[in-house]
Amino acid sequence: MKGGGKMDFQVAGETLDKAERTRIAAELGLPVADAGPHGEGTIVRVIAEGAAPDLIAALRSGCAAIVEQGPPGTLPVAKLSAALADGHLLVSLTTRLAWTLDTAAQFCEGLLVRGLLPAAVRHDAELSLHEAIINAVLHGNLAMGGSLVDDPSQFDAFCQRLTSTLADPDKATRRIDLSAWVADGKLHIRIADQGGGYDPDSIRPPVNVEAKSGRGLEIMRVMSAGLTVTDGGRTATLAFMV
């Protein structure tokens, strides 16, 4: 996929009504695709909020970017513009969909179909991305501490708190932005959230060697060819040799 001028791209979203499609296109600063034929590589595909089947189908297409519907003022305008200019794939989701879908597996399958991710690298990429998304959702956008697994006595309470937090529209509609591109013999996958951030140098592996959580950054570092954390902890970029 090659980048081009911003006006080369158009917004398509067949499952949205015309008014909503027009509203989103205007916010993104792009025209709505007309009824004529278009190269899929020039399409920014907009999916309805929570529409997992549409996301899965779009990931397996050749569209330039995928943006899940969101409230006015929440869409990734600047990130989309930069991704299109640089020829990067961008997938922008609400926190709710990023959490409820097996996002890492679906994103990696899309990269595989698009020829960006070699099959031999998929396991490491998917595991690393899974950990990054968990961090971005739970500790970033939802600002939840604690663990899902290390304290079984608190598991039900944690899950109830998670459900309650995801019901908060402000937090549930915060964005998780995934982007991918190949450069210098590496596949780069970037995960960005809208949380409060953290200092990556302050994170240490768990003292308990049998702990099942708290190892996300360690897993990402071991399984990838490089991990860079920027934007005050809100953005993680993974690299994999291809």
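**Exercise 1. Count the salt bridges.** How many salt bridges does the rule give in this predicted model?

*Solution.* Start with the rule: a side-chain nitrogen of Lys or Arg has to lie within 4 Å of a carboxyl oxygen of Asp or Glu. Side chains of opposite charge can pair when their charged atoms come close. By this rule the count comes to ten salt bridges. Some of these contacts join up: E14, E40 and R45 are linked in a network of salt bridges.

**Exercise 2. Two pairs inside helices.** Find how far apart R23 and E27 are along helix 1, then look at R122 and E126 in helix 6.

*Solution.* Step one: check the distance for R23 and E27. Their side chains meet in a salt bridge at 3.1 Å, N to O.

Step two: look at the spacing. R23 and E27 are four residues apart in helix 1 (residues 18–28), so about one helical turn separates them.

Step three: move to helix 6 (residues 122–141), where R122 and E126 are also four residues apart, about one helical turn. The closest N and O atoms of this salt bridge are 3.0 Å apart.

Step four: check the surroundings. R23 has a relative accessible area of 22%, so it is partly exposed. E126, with 24%, is partly exposed as well.

**Exercise 3. The neighbours of strand 6.** Which strands pair with strand 6, and how many of its seven residues are buried?

*Solution.* Begin with strand 5 (residues 175–183): it runs antiparallel to strand 6, and seven bridges join the two. Within this pairing, W181 has H188 of strand 6 as its bridge partner. Two residues lie between these strands in the hairpin, where D184 takes a positive phi near 55 degrees.

Now turn to strand 8 (residues 235–241), which pairs with strand 6 in the antiparallel sense over seven bridges. Here A192 stands opposite T235 of strand 8.

Last, consider the cover: strand 6 (residues 186–192) is mostly covered, with five of its seven residues buried.

How values were computed: Residues are numbered from 1 along each chain as its sequence is written. This is a predicted model: local features need pLDDT of at least 70, side-chain atom pairs count only at pLDDT 80 or more; totals for chains, interfaces and linings use all residues. Side-chain values use heavy atoms; hydrogens and water are left out. Buried means under 20% relative accessible area, exposed over 50%, partly exposed in between (1.4 Å probe, protein chains only). Two strands pair if DSSP finds at least two bridges between them.
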